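Open the model in your viewer and keep the selection tool ready. This tour tells you what to pick next and what is there.

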Amino acid sequence: MNKHYHTVVIGGGCLGAACAFSVQRRLGNKRGKVAIIEKKVLGAGLSSRHSAIVRSANASPMAARMAKIATQYWKNLKPLWGVNIPYEQSGAIWIADNTTGSDSESWATLEQMLQQEGIDFAMLAHRDVMDLSRQALKTVPDEMYYYEPDVLQLDSPQILNAIQTAAKKNRINVLEHCDVIDFELTGQGISALFTSQGKIFAEHVINAAGAWSSELFAGIGLNIPVALEPVYAANFLVSVHDIPEGMPIIADYVNQAYFRRWRGSILHMHQPRSRNVKDIARSFSRTAMNPEGANVIYDALSFNVTHQQLDNYLGKVINRFPKIGKPVYAGGYHSFFDITPDLKFILGADTQFTNLYHCLGAGQALKYAPIFGEIIADLITGDGVILNSIDINEFSIARFSNNDISRYWQTNALKQNSL
Ligand SMILES: Cc1cc2nc3c(=O)[nH]c(=O)nc-3n(C[C@H](O)[C@H](O)[C@H](O)COP(=O)(O)OP(=O)(O)OC[C@H]3O[C@@H](n4cnc5c(N)ncnc54)[C@H](O)[C@@H]3O)c2cc1C
């Protein structure tokens, strides 16, 4: 096989697919072809293991602004992807600690910043929390609550189906079971990719290889700090009378748990990313010791949930939803968040190779997929459609150009509520 493409996207997850759709749409039929190279099948990686929540609250004003735009895109994807995906606008209730010494002030600052960005995010009284959750939730005086009404919940299999349909509609060349192994370099650029299916030439290369990026690009001297943080997701079968239809997503930062109602009578939950710098550093040191690299994601063993973890989650459910009693376990899996040292995504042009672009998440990236695709398409086509109102400097790979990440841990201590 000897192929030439205008743009090759490495990785067929939600971010790679979004980039492919946006670039191909801008190119039209005549200006060149886009290919996705995926070593397994479309959506095989973390893009089939998320909770499909699209929310805007974020500690970075620019990331929040981008999430707000992305939320509008998700509601009407057809102009971008050629397909629409059903969604439910359930809103989200954020629960934070309000005891003495807690970080309640930073939540107030977050509220102010989000409101300046035009994002509806406001404190809720306890009785309003009870009303919104139709008495399902337990509230306690030492907690405070915020409400973000514009949060969407989608369904992950429907997103995957839409990606497959959109790939066909947008005439993307999808090369599945095709592993990118190495790169051919010419001057300051990448001229071709060596893959398990032969050499593929590309004018532009998009790195959407997620957690595999660091190992894939290390061979050409790029330091791309993406590591894996373990996370468990669990589903519990509950009575529809106990968890009311339309219940907002519960982002419980006191119990470290996200809860959402899922396909009727399932309560789905997982823990959020750790904001503790030591935990993040541990995830990076674990990467170095893992002989499987990011392929641990595909290891069947990594789908098991331990009894200890299940007990831990059961405790959180019972604590937060006392009406449920002891819920029925309905399946779960062990997975990983794709994280960067500062929990911010990596987006934009590479600093070393002129035709390479990075589109990498940091644990919460599904929600950004449509806007990331548009931004990368802006960079490649020079159109400037979205980049007129967004500044992506903060997310550039350039912030990690100093190979000594250890210094980074000391200078970028995360705030507790870096959502
Ligand atoms: C439990 C859980 C819940 C989550 N919930 C949410 C949520 O509610 N909302 C949200 O926004 N985000 C959520 N996320 C995060 C979200 O799942 C990820 O951020 C997102 O899926 C990342 O997408 P991606 O396309 O970058 O990566 P991936 O889906 O991992 O795609 C990378 C792809 O690259 C391929 N690849 C790698 N190396 C090569 C190579 N050498 N050659 C060819 N192909 C290669 C892989 O096979 C893979 O398919 C959650 C994550 C988890 C684990």
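Select strand 9 (residues 180-186) and strand 10 (residues 189-195). They form a hairpin with 2 residues between them. Gly187 in the turn has a positive phi of about 55 degrees. The two strands are antiparallel and share 6 bridges. Val180 has Thr195 as its bridge partner in strand 10. Strands here are DSSP runs of E, at least two residues long; helices are runs of H or I, at least four; both are numbered from the N terminus. Two strands pair if DSSP finds at least two bridges between them.

This is a predicted model, where local features need pLDDT of at least 70, side-chain atom pairs count only at pLDDT 80 or more, and totals for chains, interfaces and linings use all residues. Residues are numbered from 1 along each chain as its sequence is written, and side-chain values use heavy atoms, with hydrogens and water left out.

A hairpin of 2 residues links strand 10 to strand 11.

Next, show the largest pocket, with a volume of about 860 Å³. Of its 50 lining residues, Gly45, Leu46, Ser47, Gly210 and Asp338 are the closest to its centre. A pocket is an open set of points on a 1 Å grid over the protein atoms alone, where a 1.4 Å probe fits and protein lies on both sides within 12 Å along at least five of seven lines; lining residues have an atom within 4 Å of a point. Grid points are joined across faces, edges and corners, and the volume is the space filled by probe spheres set on them. Strand 16 gives the most to the lining, with 5 residues. Strand 9 and strand 18 are among the elements that each supply at least two.

Finish at helix 4 (residues 104-116). Trp107, Leu110, Glu111, Met113 and Leu114 are buried in this helix. Buried means under 20% relative accessible area, with a 1.4 Å probe and protein chains only. Their cover includes helix 2 (61-75) and strand 4 (92-97), counting contact as heavy atoms within 4.5 Å. After helix 4 comes Gly118, with a positive phi near 80 degrees.

Key:
The expected span of a helix is 1.5 Å times one less than its number of residues. Buried means under 20% relative accessible area, exposed over 50%, partly exposed in between (1.4 Å probe, protein chains only).
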